Amino acid sequence: MAQPEIHHLFHRPIADHSFSSDRQTLAVARDNLIEIYGKSGQKFALQDELRGHDKTVTGVDIAPNSGRIVTCSQDRNAYVWEPSSSGWKPTLVLLRINRAATCVRWCPSESKFAVGSGARVIAVCYFEEENDWWVSKHLKKPIRSTITSVAWHPNSVLLAAGSTDGHARVFSSFIKGVDERPAPSVWGERLPFNTVCGEYLNSTAGWVHGCEFSPSGDALAFVSHDSSITVVYPTGPDMEPKAVLSVATQLLPFMGLIWTSENEIIAAGYDCAAYRLRGDEQGWQLAGSVESAGRPGMDSHREESALNMFKQMDLKGKVQDDTKLKTVHQNTITTIRSYAGSPERVRQFSTSGVDGRVVIWSV
Amino acid sequence: MSQVNWRTINVDALDPDSALNFDMSTLTPAVTPVSASEVQGLAGQIRQLLRGGDHEGALRGALESVPYGADEKGKEIHLHTVIEILQSIRQSEMSPLLSRIYQSEGGSELLDVLMKYLYKGMSHTTPTGGAKQMAPQATGFSQIHPLRTGDGGGQAMSVFLSWHEKLVEIAGPGSIVRVMCDRRTV
């Protein structure tokens, strides 16, 4: 088990982070701006700042192939940033929403991206050649509340969204002229725009923080604020799903998750650590923390010499500094993303959180 | 028209897409309605078990047949049944009993229900003294009121607190979070 690679960037919350495909560039959302870090040796050094949003940036995503960065913010705008000789060139996207944008993700084909918002819509944005402009189409029905997360199916047409109305939904975001007709799957055959292919509620109806398709795209997992993770295996269009498996954990709620293979999920959140879950259509179980697997040096700060102990007592009036968590992250993990490996077998993943750290872990 | 105070118009009510015009019941999990008399009958059965000394069976029975769909009165009756069971179990028996329930099939769900009752019980200042008014909040559960000394509330509260401590040891903080975000209230 390799040691986690810890990059403590600053003492501010990181709303979202994204690596470029060569993993040499890291974009993080910090307050009203996006900071671009470049890898130099073992560290990430600040290279550039993307200014344009005038409220907190909530999402950032780098397209792996084109290198374009999409960002969205509470100021209700999204920008697509393109690299040019004179730095990053922003293009405003017409989102047409009247509440904050909450999350953004490029689809795998990179021809579209989805922006979730507090206006109870998901804006599916694509580039219109004629007008030289990014325009959006709204996924509206039957969303009842703020969208907290969006996730794309490998076919770039199906989109999963988690919402504070407690539902995780699967929509079709098929746009004529942009998408190719998708192959029929368990989610459906004919998929015009805004087809609701699935709508799932777990037993408590807690609001959903994150959702993700399995590598094959034939299963959907979502985490919600009742500390549970639910995995759905659909049978086909207009049929009851084969299995809806919910794991209620003893932990604090998860904020996000990734599938590292068809039978393993890693989820992280308010417990400041990433947890592994294993299972299949028969059932899922929590398989422990990713962190606890013998991290050397974890206890070093607790085993102190007598001299040090008395020194501490003298200085602070107490023996131990109990303000430090035993986990690598010192606050809630808000984003978890795949870092290395193929979608079917993720070898490394990265997390970022409220403590301003970006950490790269081995699975 | 000039008399209309535009500022007091609820614009959300006029917007067909507004949250005010949603049927909110579709957001919550479906619950089957239960009448108060059914809850009363159940309470009788559970008391029978309790008299027979089967504390675990009584607690299990009460938590399995939680009347989510009952009205205020029915829920009140069931709350008193659960409180009666909790008070009849000795402190030393709590942890083994809870871990047995936790390890059984669907046990974690039962303990979540128990946690709901602990919080609901704590929100009543005098749980044994009949239905006192409480302050339900939008979230569906009430805040803990300061203890009124001099009545039975203090003793009942200490029972709840020791159950709460034992329950968190076994079901973890996840169980507390589930009470907060579950839309099915007891």
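Let me begin with accessibility: a residue is called buried under 20% relative accessible area, exposed over 50%, and partly exposed in between, with a 1.4 Å probe and protein chains only. The model before you is predicted, so local features need pLDDT of at least 70 and side-chain atom pairs count only at pLDDT 80 or more, while totals for chains, interfaces and linings use all residues. Residues are numbered from 1 along each chain as its sequence is written, chains are lettered from A and ligands numbered from 1 in the order in which they are written, and side-chain values use heavy atoms, with hydrogens and water left out.

I turn to salt bridges. The term denotes a side-chain nitrogen of Lys or Arg within 4 Å of a carboxyl oxygen of Asp or Glu. Over all chains, the count is 23.

One of these joins A:Glu5 to A:Lys39, with 3.6 Å between the closest N and O atoms. The two residues are 34 apart in the chain: A:Glu5 belongs to strand 1 (residues 5–8) of chain A and A:Lys39 to strand 4 (residues 33–40) of chain A. Strands here are DSSP runs (E, at least two residues), and helices are runs of H or I with at least four, both numbered from the N terminus. A:Lys39 counts as partly exposed because its relative accessibility is 25%, and A:Glu5 is also partly exposed, at 23%.

A second bridge pairs A:Arg169 with A:Asp165 at 3.0 Å between the closest N and O atoms. Is A:Asp165 buried or exposed? A:Asp165 is buried, because its relative accessible area is 1%; A:Arg169, at 2%, is buried as well.

In chain B, the side chains of B:Glu109 and B:Arg184 form a salt bridge at 3.5 Å, N to O. B:Glu109 sits in helix 6 (residues 107–123) of chain B and B:Arg184 in the segment after helix 7 (153–181) of chain B, so the bridge ties together parts 75 residues apart in sequence. B:Glu109 is partly exposed at 37%, whereas B:Arg184 is buried at 13%.

Finally, the interface. Contact, meaning heavy atoms within 4.5 Å, involves 23 residues of chain A and 22 residues of chain B. The buried area, that is, the accessible area (1.4 Å probe) that two parts lose on being put together, summed over both, is about 1700 Å² between chain A and chain B, with carbon and sulfur atoms giving 52%. How many salt bridges cross the interface of chain A and chain B? The rule finds zero.
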